[in-house]
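Here is a short briefing for a first look at this structure. Keep the sequence and the 3D view open while you read.

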Amino acid sequence: MDVSYFIKQYVKSPRMVGAIAPSSEKLAYKMVEDINFINASCIIEYGPGTGVFTEKLLNKKKDSTIFIAIEYNADFYKILKERFKHETNFILINDSAENLKKYLNKYNIEKVDYIVSGLPFASLPEAMSKKILFNTKDILKVNGEFITFQYSLFKMKLFRMYFNRIKKKKVLLNLPPAYVLKCKVNY
Ligand SMILES: C[S@@+](CC[C@H](N)C(=O)[O-])C[C@H]1O[C@@H](n2cnc3c(N)ncnc32)[C@H](O)[C@@H]1O
(Lines give C-alpha, C1' and ligand atoms only; values in the text may rest on other atoms or scores of the structure.)
Protein backbone atom coordinates (compact mmCIF):
# COMPACT_ATOMS: atom_id res chain seq x y z
CA MET A 1 0.00 0.00 0.00
CA ASP A 2 2.68 2.43 1.08
CA VAL A 3 4.59 2.87 -2.20
CA SER A 4 1.67 3.31 -4.64
CA TYR A 5 -0.03 5.55 -2.13
CA PHE A 6 3.11 7.64 -1.79
CA ILE A 7 3.52 8.00 -5.54
CA LYS A 8 -0.10 9.20 -5.78
CA GLN A 9 0.53 11.85 -3.11
CA TYR A 10 3.80 12.85 -4.79
CA VAL A 11 2.05 13.36 -8.14
CA LYS A 12 -0.59 15.54 -6.42
CA SER A 13 1.94 17.63 -4.50
CA PRO A 14 5.59 16.99 -5.47
CA ARG A 15 7.23 19.88 -3.60
CA MET A 16 5.54 19.13 -0.29
CA VAL A 17 5.79 15.32 -0.42
CA GLY A 18 9.33 15.40 -1.81
CA ALA A 19 9.76 11.64 -2.27
CA ILE A 20 8.14 8.90 -4.34
CA ALA A 21 8.45 6.26 -1.63
CA PRO A 22 8.52 6.10 2.16
CA SER A 23 11.92 5.87 3.83
CA SER A 24 13.48 2.44 4.36
CA GLU A 25 13.61 0.57 7.66
CA LYS A 26 17.37 1.10 7.69
CA LEU A 27 17.00 4.87 7.37
CA ALA A 28 14.33 4.88 10.08
CA TYR A 29 16.68 2.92 12.34
CA LYS A 30 19.52 5.39 11.72
CA MET A 31 17.25 8.38 12.40
CA VAL A 32 16.33 7.19 15.91
CA GLU A 33 19.38 5.12 16.99
CA ASP A 34 21.04 7.77 19.18
CA ILE A 35 17.93 9.15 20.86
CA ASN A 36 18.05 8.92 24.63
CA PHE A 37 14.54 7.58 25.17
CA ILE A 38 15.05 7.28 28.94
CA ASN A 39 15.54 11.02 29.46
CA ALA A 40 13.32 12.46 26.73
CA SER A 41 10.15 14.05 28.03
CA CYS A 42 8.93 15.40 24.69
CA ILE A 43 9.67 14.34 21.11
CA ILE A 44 8.32 16.01 17.96
CA GLU A 45 8.11 14.59 14.45
CA TYR A 46 7.67 16.76 11.36
CA GLY A 47 6.23 15.21 8.20
CA PRO A 48 5.59 11.62 9.32
CA GLY A 49 4.06 10.60 5.97
CA THR A 50 2.83 7.02 6.35
CA GLY A 51 4.63 6.60 9.68
CA VAL A 52 7.97 4.81 9.12
CA PHE A 53 9.80 6.90 11.75
CA THR A 54 6.66 7.31 13.85
CA GLU A 55 6.40 3.58 14.41
CA LYS A 56 10.02 3.34 15.59
CA LEU A 57 9.63 6.33 17.90
CA LEU A 58 6.41 4.94 19.40
CA ASN A 59 7.96 1.52 19.97
CA LYS A 60 10.95 2.99 21.77
CA LYS A 61 9.54 5.89 23.75
CA LYS A 62 8.45 5.62 27.39
CA ASP A 63 4.68 5.79 27.96
CA SER A 64 5.15 9.05 29.88
CA THR A 65 7.04 10.76 27.02
CA ILE A 66 4.82 13.10 25.03
CA PHE A 67 5.17 12.58 21.30
CA ILE A 68 3.67 15.11 18.89
CA ALA A 69 3.66 14.41 15.13
CA ILE A 70 2.62 17.14 12.71
CA GLU A 71 1.67 16.19 9.14
CA TYR A 72 0.47 18.67 6.52
CA ASN A 73 -1.04 16.21 4.03
CA ALA A 74 -4.65 15.34 4.97
CA ASP A 75 -4.54 11.88 3.34
CA PHE A 76 -1.37 10.87 5.20
CA TYR A 77 -2.91 12.29 8.39
CA LYS A 78 -5.95 9.99 8.02
CA ILE A 79 -3.71 6.95 7.57
CA LEU A 80 -1.65 7.85 10.64
CA LYS A 81 -4.75 8.58 12.72
CA GLU A 82 -6.09 5.08 12.05
CA ARG A 83 -2.73 3.32 12.29
CA PHE A 84 -1.72 4.76 15.65
CA LYS A 85 -5.12 5.26 17.28
CA HIS A 86 -4.30 3.22 20.41
CA GLU A 87 -1.03 4.91 21.35
CA THR A 88 -0.40 6.56 24.72
CA ASN A 89 0.64 10.22 24.93
CA PHE A 90 0.71 10.50 21.14
CA ILE A 91 -0.71 13.70 19.64
CA LEU A 92 -1.22 13.80 15.89
CA ILE A 93 -1.80 17.18 14.24
CA ASN A 94 -2.92 17.93 10.68
CA ASP A 95 -1.14 21.23 10.00
CA SER A 96 2.14 22.66 8.76
CA ALA A 97 5.23 22.33 10.98
CA GLU A 98 5.45 26.13 10.69
CA ASN A 99 2.55 26.32 13.16
CA LEU A 100 3.92 23.94 15.78
CA LYS A 101 4.36 26.63 18.45
CA LYS A 102 0.60 27.19 18.56
CA TYR A 103 0.14 23.54 19.57
CA LEU A 104 3.00 23.57 22.08
CA ASN A 105 1.29 26.52 23.77
CA LYS A 106 -2.01 24.63 23.77
CA TYR A 107 -0.38 21.65 25.54
CA ASN A 108 1.75 23.85 27.84
CA ILE A 109 5.04 22.58 26.44
CA GLU A 110 7.87 25.08 26.41
CA LYS A 111 10.90 23.10 25.23
CA VAL A 112 11.42 19.70 23.66
CA ASP A 113 14.22 17.13 23.63
CA TYR A 114 14.21 15.91 20.02
CA ILE A 115 12.72 16.96 16.72
CA VAL A 116 12.80 14.23 14.07
CA SER A 117 12.06 15.52 10.60
CA GLY A 118 11.00 13.91 7.35
CA LEU A 119 10.43 17.28 5.69
CA PRO A 120 11.68 17.72 2.13
CA PHE A 121 13.70 20.90 2.75
CA ALA A 122 15.20 20.63 -0.74
CA SER A 123 11.84 21.37 -2.34
CA LEU A 124 9.92 23.33 0.33
CA PRO A 125 9.57 27.08 -0.20
CA GLU A 126 12.62 28.84 1.30
CA ALA A 127 10.55 31.07 3.61
CA MET A 128 8.71 28.04 4.99
CA SER A 129 11.97 26.15 5.61
CA LYS A 130 13.47 29.16 7.39
CA LYS A 131 10.45 29.66 9.63
CA ILE A 132 10.44 25.97 10.56
CA LEU A 133 14.19 25.90 11.30
CA PHE A 134 14.06 29.14 13.30
CA ASN A 135 11.26 27.76 15.47
CA THR A 136 13.00 24.39 15.73
CA LYS A 137 16.13 25.95 17.21
CA ASP A 138 13.99 28.09 19.51
CA ILE A 139 11.98 25.23 21.03
CA LEU A 140 14.83 22.75 21.51
CA LYS A 141 16.24 22.34 25.02
CA VAL A 142 19.88 23.40 25.48
CA ASN A 143 21.13 19.91 24.64
CA GLY A 144 18.24 19.11 22.33
CA GLU A 145 18.76 17.66 18.88
CA PHE A 146 17.22 18.16 15.47
CA ILE A 147 17.45 15.01 13.35
CA THR A 148 16.67 15.20 9.67
CA PHE A 149 17.49 13.37 6.46
CA GLN A 150 18.28 14.70 3.01
CA TYR A 151 18.99 13.04 -0.33
CA SER A 152 21.80 15.51 -1.05
CA LEU A 153 23.93 17.96 0.89
CA PHE A 154 23.01 21.04 -1.08
CA LYS A 155 20.91 22.51 1.76
CA MET A 156 23.74 22.25 4.33
CA LYS A 157 24.24 26.01 4.24
CA LEU A 158 20.63 26.47 5.31
CA PHE A 159 20.97 24.07 8.27
CA ARG A 160 24.25 25.74 9.30
CA MET A 161 22.42 29.06 9.63
CA TYR A 162 20.65 27.58 12.67
CA PHE A 163 22.90 24.78 13.97
CA ASN A 164 26.66 24.95 14.50
CA ARG A 165 27.22 21.25 15.28
CA ILE A 166 26.04 18.92 12.54
CA LYS A 167 27.02 15.25 12.31
CA LYS A 168 26.23 13.48 9.08
CA LYS A 169 26.02 9.81 8.13
CA LYS A 170 25.22 8.31 4.74
CA VAL A 171 22.62 5.56 4.58
CA LEU A 172 22.98 3.57 1.36
CA LEU A 173 20.06 1.25 2.00
CA ASN A 174 17.39 3.73 1.03
CA LEU A 175 15.95 4.75 -2.32
CA PRO A 176 17.60 7.08 -3.07
CA PRO A 177 20.50 6.84 -0.58
CA ALA A 178 20.19 9.53 2.08
CA TYR A 179 22.19 11.51 4.61
CA VAL A 180 21.07 11.56 8.23
CA LEU A 181 21.94 14.91 9.80
CA LYS A 182 22.05 15.29 13.58
CA CYS A 183 22.02 18.99 14.41
CA LYS A 184 22.71 20.77 17.68
CA VAL A 185 23.61 24.22 18.92
CA ASN A 186 26.85 24.71 20.83
CA TYR A 187 25.99 27.67 23.04
C1 LIG B 1 9.76 12.91 2.09
S2 LIG B 1 8.17 12.67 2.86
C3 LIG B 1 8.74 11.76 4.31
C4 LIG B 1 7.67 10.92 4.97
C5 LIG B 1 8.17 9.99 6.05
N6 LIG B 1 8.76 10.72 7.15
C7 LIG B 1 9.20 9.02 5.52
O8 LIG B 1 10.40 9.25 5.76
O9 LIG B 1 8.81 8.05 4.84
C10 LIG B 1 7.82 14.32 3.48
C11 LIG B 1 6.60 14.42 4.38
O12 LIG B 1 6.57 15.75 4.92
C13 LIG B 1 5.22 16.25 4.83
N14 LIG B 1 5.30 17.72 4.84
C15 LIG B 1 5.77 18.54 3.87
N16 LIG B 1 5.74 19.80 4.26
C17 LIG B 1 5.25 19.81 5.53
C18 LIG B 1 5.01 20.83 6.48
N19 LIG B 1 5.26 22.12 6.21
N20 LIG B 1 4.52 20.48 7.69
C21 LIG B 1 4.28 19.18 7.98
N22 LIG B 1 4.47 18.17 7.11
C23 LIG B 1 4.95 18.48 5.89
C24 LIG B 1 4.70 15.62 3.54
O25 LIG B 1 3.31 15.66 3.47
C26 LIG B 1 5.28 14.21 3.66
O27 LIG B 1 4.47 13.41 4.46
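Helices (H or I, at least four residues) and strands (E, at least two) are DSSP runs, numbered from the N terminus. With that numbering, Asn89 lies in the loop between H5 and E3. The model is predicted.

**Parallel strands and a crossover**
- Strand E2 spans residues 66–71 and strand E3 spans residues 90–94.
- E2 and E3 pair in the parallel sense, over five bridges.
- Within this pairing, Ala69 stands opposite Leu92 of E3.
- Helix H5 covers residues 74–83. Together, E2, H5 and E3 form a right-handed β-α-β unit.

**Strand E7 and its partners**
- Strand E7 has two antiparallel pairings to look at: E5 with E7 over five bridges, and E6 with E7 over seven bridges.
- A hairpin of six residues joins E6 to E7.
- Is E7 mostly covered or mostly open? E7 is mostly covered, with five of its seven residues buried.

- Helix H3 runs over residues 25–32. Its buried residues are Leu27, Ala28, Lys30, Met31 and Val32.
- These buried residues pack against helix H4 and against strands E4, E5, E6 and E7.
- In soluble globular proteins, nonpolar side chains tend to be buried together.
- Here, the largest nonpolar core has 42 residues. Those with the most contacts inside it are Met31, Ile43, Tyr114, Ile115 and Val116.
- What does Met31 touch, leaving out residues up to four places away in sequence? Met31 touches Phe53, Val116, Ile147, Phe149 and Val180.

**Ser117, a buried serine**
- Ser117 lies in strand E4, which spans residues 112–117.
- Ser117 is buried because 24 other C-beta atoms lie within 10 Å, and the cut-off for burial is 20 or more.
- Ser117 touches Tyr46, Gly47, Phe146, Ile147 and Thr148, not counting residues up to four places away in sequence.
- Ser117 and Phe53 are 64 residues apart in sequence. In space, their C-alpha atoms are 9.0 Å apart.

**The ligand shell**
- How many residues surround the ligand? There are 25, and the closest are Pro22, Ser23, Gly47, Gly49 and Gly118.
- The shell divides into 16 nonpolar, seven polar and two charged residues.
- Helix H2, H4 and E2 each supply at least two residues of this shell.

- The peptide bond from Leu175 to Pro176 is cis, with omega near -5°. Pro176 sits in the loop between E6 and E7.
- Asn89 is not a glycine, yet has a positive phi of about 55°. Asn89 counts as partly exposed because it has 14 C-beta neighbours inside 10 Å.
- Asn108 is also not a glycine, and its phi is positive, near 55°. Asn108 lies in the loop between helix H6 and E4.
- Is Asn108 buried or exposed? Asn108 counts as exposed because it has 6 C-beta neighbours inside 10 Å, and the cut-off for exposed is 12 or fewer.

Notes:
Residues are numbered from 1 along each chain as its sequence is written. This is a predicted model: local features need pLDDT of at least 70, side-chain atom pairs count only at pLDDT 80 or more; totals for chains, interfaces and linings use all residues. Two strands pair if DSSP finds at least two bridges between them. A crossover is right-handed if, with the strands pointing away from the viewer, the path from the first strand over the helix to the second runs clockwise. Two residues are in contact if their C-beta atoms, placed from the backbone, lie within 7 Å. A residue is near a molecule or strand if its C-beta atom, placed from the backbone, lies within 6 Å of it. Ala, Val, Leu, Ile, Met, Phe, Trp, Tyr, Cys and Pro count as nonpolar, Asp, Glu, Lys and Arg as charged, and the others, Gly among them, as polar. A nonpolar core is a set of buried Ala, Val, Leu, Ile, Met, Phe, Trp, Tyr and Cys residues joined through C-beta atoms within 7 Å.
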